[in-house]
Amino acid sequence: MRQGLINEGAMGRNRVIRRLGSAGLWLNPVFAYFFLWAPILILVLFSFNESRSVASFTGFTLKWYSNILNNVMGAESAFSTEIMLNAFRNSLFVGTVATAISTVLGTMIALAMARGRFRGKRLLDGLLFLPVVIPEITQAISLAIFFKVVFDWVALISGERMFPGFHTIIAAHVTFNISYVAIVARARLADMNPQLEEAANDLGANPWQTFWRVTFPLILPGVISGALLAFTLSLDDFVITFFTAGVGTSTLPVFVYGLLKLTVTPEVNAISTIMMVLSTILIGISLAMQGRNASRA
Amino acid sequence: MKKILLLLCVLLLMAPAALAQDMEHEPWTCPEGYEGQTLSIFNWSTYIAEDTVPNFEEACGVTVNYDIYESNEAMLARIRQGNPGYDIVVPSGGTVQRMAEEMLLIPLDMEMIPNVANLIPDLLGAAYDPENEYSLPYQWGTVGVGYRTEVFPDGITSWNQVWEHDGPVAWLDDRQTMLGIAHLFLGNDPNTTDADEINAARDYLLEKGGNVVTVAADDGQVLLERGDVDIAIEYNGDILQISWDCECDDYAYAIPEEGSNVWIDNLSIPVDAPNPELAMVFIDYILDAKVGADLTNYIWYASPNQASIESGFIDEEILNDPAIFPPAEQVATLFAIIDVGAEAEELINNAWDELLIFLGQ
């Protein structure tokens, strides 16, 4: 009798816990979506705001987008929009070049780590994670000092004065991007069946042919997703760019930060929205690549 | 050729209209010999008219790089680390002094800047750069009192009205400005470095601060807008902002007759500038009556340019707003803040901290 009661109580508790659990499981993604997307949704919403102020929404308009479009098409050239667009172009340029360089270098490092035998491999393995773990500001300041020292030496030796510019920003972005590309590409290499390369060798392919016909196509999805990750990081980066930028090379994040003191107009929201859509598409492609890859493996 | 002829015809047709518009003012002309050169400007954001730079590029046949910053410190950090190639920077008063002391600015050559004669004499020779060796004013403004007009229908004319007001008041968390105002009452130099005088100013403020509900860090206008306070000591631009936003007469700004703080942003040339000559030409261009007026018409800060003010190029609405353009006799009562040095800075910091504690902040 008593036993039964206890059991019933326990069962009731279990049921409550199970219900709470499933409600919790349902709530978790709701929270996740809310935290991830609510601020971004507000940013997007205000890019359609009629008033110049970002304090209150007064009405729907597409004029900020059309301002940008008109400047892009050259139909109109407002100075303030033009410098913002310049920053946007700078961002794309820096991102593209830095990604191209770091993808080649990162993939090469990943190959060396996976297939090569050399002294200091362990050390390189650890160092590869350094840009991922050290605070960005530390890296930014060390790069700024590094460039200054190099420029001073160049001036001393050649008498030619050097200025920071795209080359310094790109070099800085490559330093942190290499690690990300190498880590992603290496994970692909580790998953790859080594017997495929051995088979190619047995069938008479030389190492060069083996790499281009077997290894590279197999790790390509990893290389591409590494490159897309690098591109996204480049587009987003503020701290390192701020410390290594030269004249007229401000990227979009540096430009937007410069606006903080006075006004951030909906035009900035509009271009941020465009940039975000771009990043989202890239990440989508990257995920799709990895997904396709995982299902094939 | 045809195009040029067409252009000439159009210009000839337009000429009478243009002549009628600025009879007395000759448009600024660029000295010869700068075609194809580059000028790099580092300025505060939204602090220039839309056509200022394009017109300069056209007049001189040069290319302008234009970057923006959000604080004196951000600009200073970039220049200290080795000038990345800027020819023009726009530091505020105290920062001019700091940069000059750190040898981060190069002296201006006034012979290349004839338009310096256009400037308001009272704004020249400020304490941070007494000889204007390194800087010339770009735009300026004041710290004063923003108040609710329903509480003060007759306006505010004296700091005593602020001290004696029976209602909530917000002060500005700018130690040198607030102590400077107290120094004015005590008959001392607003930038004094004397320990006794600084402590006397602290005691004076403590005595007058009974109605202070908060010492606001540059958001006093928000408190005023929300109705949390009747008076906020603030920058003129911030108080004007809420008046424009509400499109009403609920708030007004006044500079008390005893005097107050004036801030001036300045045109300067950083050390190692790649093209200092063109930078001087640009400064001269900015100080032109028409160019200076266009700047003020766009960004709504006060122009330091007497010629712009007298020429009638500045919109009446802006010119007649005492919150933007205080009358000349009031300008004479304003004090600029200088960098007082590490020792006095510590005295001021201690005095201010003690004051905040006693005011219950």
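In this predicted model, the contact between chains A and B draws on 21 residues from chain B and 21 residues from chain A. On the chain B side, two or more residues each come from strand E1 (38-44), helix H2 (52-60) and strand E2 (63-69). E2(B) supplies the largest share, 5 residues. By class, the side of chain B that touches chain A holds 8 nonpolar, 8 polar and 5 charged residues.

Two of these elements, E1 and E2 of chain B, also belong to a sheet. The sheet is open and has 3 strands, in the order E2-E1-E3 (chain B). Its pairing is parallel. Strands of a sheet pair through backbone hydrogen bonds, either parallel or antiparallel. The edges are E2 and strand E3 (88-89) of chain B, each of which pairs on one side only. E1(B) and E2(B) are joined in the parallel sense over 7 bridges. Within this pair, Ser40(B) stands opposite Asn65(B) in E2(B). The edge strand E2 of chain B is thus also the element with the largest share of the chain B side of the contact with chain A.

Chain B itself is divided into two domains. Domain 1 spans 24-140 + 264-328, and domain 2 spans 142-262 + 335-358. Their centres, taken over C-alpha atoms, are separated by 28 Å. The contact between them takes 13 residues from domain 1 of chain B and 13 residues from domain 2 of chain B. On the domain 1 side, helix H4 (residues 93-101) of chain B gives the largest share, 4 residues. That side of domain 1 comprises 9 nonpolar, 3 polar and 1 charged residues.

Key
Residues are numbered from 1 along each chain as its sequence is written. Chains are lettered from A and ligands numbered from 1 in the order in which they are written. This is a predicted model: local features need pLDDT of at least 70, side-chain atom pairs count only at pLDDT 80 or more; totals for chains, interfaces and linings use all residues. Two residues are in contact if their C-beta atoms, placed from the backbone, lie within 7 Å. Ala, Val, Leu, Ile, Met, Phe, Trp, Tyr, Cys and Pro count as nonpolar, Asp, Glu, Lys and Arg as charged, and the others, Gly among them, as polar. Domain bounds come from an automatic or database domain assignment. Two strands pair if DSSP finds at least two bridges between them.
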